[in-house]
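Visitor: I am new to this structure and would like to learn how to read it. Could you walk me through some of its features?

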Amino acid sequence: MATLEKIRQRKKILAIVIGAALLAFIIEVGIEAIGRSGGNSAAAKVGNEKIDIMAFQRRVEQEAAKDQENSQQTDAALRQQRVLDEMINEKLLEQEYEKLGIYVSDNEISQLMIGKNPAPAVMQFAQQYGANSPAEFYDFIMNPGKQGVQEAQVAELRAKWEELKQDLTKQYMFAKLQNLMAGCMQANDLDRAQMAEDEAMTNVVTYAKKEYSTVPDDKYPVTDEELKAEWQKLKPMFKTDEDIRVIHYIAVNIDPSQEDIAAANKLADAAYIALQKGRGVDSVRILGTVQIDTAKTVQKEMPAKVRDFFAGAEVGTTRRDSTVNNHYAMYKLINKEMSLDSVELSYVVVQADAKTQQAVLAQLNGGKSLDDVKKAYPQKVDGEMNKWNRIYMAPDSMKAKIANAAEGYFVYDKSDKHATLMKVNSKKAAKMFYTVATVTYDAYASTKTSENLRDKFQDFLNKNKTAKDFEANAAKAGYNAVEMMISPSTAQLGLGMYGQGVIKDSRKAIKWAFDNKKDMVSPIFSDNSNVLVAVAVDETYEDGYLPYNFTQGKEFLTTRIRNSKKGDDLMKQFDGKAKDLNGYASLMGVKVDTANVVFAAGDSRIEPRAVGRMSVAKQGQLQGPWKGEDAIYVYQVVKKEKSERKPTKEELDNRYAQSRGAQVFANPRTINNILSKATKVKKHLIDFY
């Protein structure tokens, strides 16, 4: 079968050796980290159970290998945090499964893996390695002797199969938990009646509101005592599960100086002259510092900037881009040629001796179907029919065989025990292919520039050794001191969304902030080769509650208190001072607006508490002024519209599921939140990294 051939084609010995060496290094680092952490060997504690740091290290190494295999550049701290969160979630689920008696039986997992209707992921996995079914693949890896294969040759596939089995077991157990939770969150008759009532009536409301934001803040000062009192009322909102540090950090980009850019321009000019004069790119290659990539492609797949330019150009034509962000790019058309591209091929793999190979070839070309041939030679013949291939990058010998192929199958390659037979079903017209060399160069800061930037930054730190001075004097020195609240789970400095504006490899600076006291200023961290970083610790908040006066909290409390004062003042100004809605609107200096209010739905113009009051107000009665959180309202229900159509039981059940039932409480994020709040979780990564 094709499985053996695919095993032979996968040259992973080097990767295994490198992986083993990397694992040994990580384990060594982990052991050293345990020593630094004072003997603590837990990456985290979930309830009464620990996540061992060595198990965590091994998982991180596995994820690093996957990222490398997928060419993903992931910040090490982000990967560590991601892995720890996954392991914590797994531990929470394991504990819940045990409490609820949820498990997957051997028969269930067997049916999912090799039963009559295997899971799609298992079917895809088996087909990836050339098997017709998971059962066939399983038989191959468990009984390799039947195929003349050594045990060692299937060891890696067995490990992958076992990994897939474990993943599928976890997924199936979680599905059982979801089904259990969904079953507990079903609408009853009272729920349906209440939902139908909430949705049945629409109140057409006219209203006027005076927003607190239109009133000047300076007339309503907020005292420290008022902040403390408001904080006490809202104390649960300030609960934190981790220690907190409020810091300021300065990030100095190591950008090239004007002198560096001038040198880069000179080098780029020399490279372009060499590219123009030379027949190929060897004349540029001797410069050493530029990067050269050569690609053969059709016109529509060429870089957009040169696609039209090179379409009618002669071989040897060059093109240079304008410089953007100190990045230089130039191109040269190395060759043009007509070549066969897309071909529909049929493959047949024969795992047998030369005599059988010839017999199979003769039978196929004699008109016998592949299925019949496979039955005649069980476990020896496998095929992948009618597959389109792009062969423009194939060796000339292969392209020649395909271009000159007659009807029927021919031998593409063979050995004493293996042959690949091929048949050309269809060919698309030959296309013009362009071989384009792309030469790029990036201007970097020189050693001199880097040292000057570091010296200047260090001089600033020497003169500003307290957090207060660090922040106060940053702008004068040409720096931007950024305030940030961090926890031990913070992986990177930076306030950007979706990874933008963050500083890679800045975890050591974060750890320093937790290892040191309030008002201290750090040394320079340069783990990111493009940025110099220093931090100052403004405040330290231990596990428990954030205080009333931390920056973001103080702003939130101040706004609430001030708005309440504005509301009280406005109520005194307007209450009872008008007889109708238009009169109140005139006093407030606002216009009357209209809204269709349904209790079960909100309105972005009206705060939720006001929607609730408007939905139950009597028709024709002027209501207010009423003090809300963001404005004072005066309103009147001018019309009540009752829906003639009654929702069906199925519709109400679906709405219940979407708003307060299964779709809310049985989704993975909600389950994780519920379990993490019900179980004390303590992370210890900051002790190690």
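Guide: We will go through rings, spaces and backbone details one at a time. Keep in mind that this is a predicted model.

Visitor: Let's start with the rings. How many aromatic pairs does a search of the whole structure find?

Guide: The search turns up 17 aromatic pairs. One of them joins Phe238 and Phe550, whose ring centres are 6.2 Å apart with 80 degrees between the planes, an edge-to-face arrangement. This pair links distant parts of the chain, as its two residues are 312 residues apart. Phe238 is in the loop between α10 and β4, and Phe550 is in the loop between β16 and α20.

Visitor: Is Phe238 buried or exposed?

Guide: Buried means under 20% relative accessible area. Phe238 has 5% relative accessibility, so it counts as buried. Phe550, at 7%, is buried as well.

Visitor: What makes the pair of Phe460 and Tyr479 edge-to-face?

Guide: Planes over 60 degrees apart count as edge-to-face. The planes of Phe460 and Tyr479 stand at 70 degrees, with the ring centres 5.3 Å apart, so this pair is edge-to-face. Phe460 belongs to helix α17, while Tyr479 is in the loop between α18 and β14, 19 residues apart in the chain. Phe460 is buried at 5% relative accessible area, and Tyr479 is buried at 12%.

Visitor: Which residues form one aromatic cluster?

Guide: The members are Phe125, Tyr129, Phe137, Tyr138 and Trp161. Two of these names come up again if you look at Ile114, which is in contact with Pro134, Ala135, Tyr138 and Trp161, leaving aside its neighbours within four places in sequence. Ile114 is part of helix α5. Its C-alpha is 5.4 Å from that of Pro134, although 20 residues separate them in sequence. With 30% relative accessibility, Ile114 counts as partly exposed.

Visitor: Which charged residue lies over the face of Phe309?

Guide: That is Arg319, at 4.8 Å from the ring centre. In another case, the charged end of Lys296 is placed over the ring of Phe433, 6.0 Å from its centre.

Visitor: Now the spaces. How much space lies in the second largest pocket?

Guide: This pocket holds about 600 Å³. It is lined by 19 residues, and the closest to its centre are Asp241, Ser676, Lys677, Val681 and Lys683. Helix α4 supplies the largest share of the lining, five residues. By type, the lining divides into three nonpolar, seven polar and nine charged residues.

Visitor: You mentioned Asp505. What is the phi of Asp505?

Guide: Its phi is near 55 degrees, a positive value in a residue other than glycine. Asp505 is located in the loop between β14 and α19, and it is partly exposed at 38% relative accessible area. Asn325 also has a positive phi, near 50 degrees. Asn325 lies in the loop between β7 and β8, and at 75% relative accessibility it counts as exposed.

Visitor: Where is there a cis peptide bond?

Guide: Look at the bond from Gly624 to Pro625, where omega is near 5 degrees. Pro625 itself is in strand β18.

Technical notes. Residues numbered from 1 in each chain as written. Predicted model: local features only at pLDDT ≥ 70, side-chain atom pairs only at ≥ 80, totals over all residues. Heavy atoms only, no water. Helix = DSSP H or I, 4+ residues; strand = E, 2+ residues; numbered from the N terminus. Buried < 20%, exposed > 50% of the residue type's maximum accessible area, 1.4 Å probe, protein only. Contact = heavy atoms within 4.5 Å. 1 Å grid on protein atoms, 1.4 Å probe; cavity = no way out; pocket = protein on both sides within 12 Å on 5 of 7 lines; lining within 4 Å. Points joined across faces, edges and corners; volume = space filled by probe spheres on them. Nonpolar A, V, L, I, M, F, W, Y, C, P; charged D, E, K, R; others polar. Phe/Tyr/Trp six-rings, centres within 6.5 Å; stacked < 30°, edge-to-face > 60°. Lys NZ or Arg CZ within 6 Å of the ring centre and 35° of its normal.
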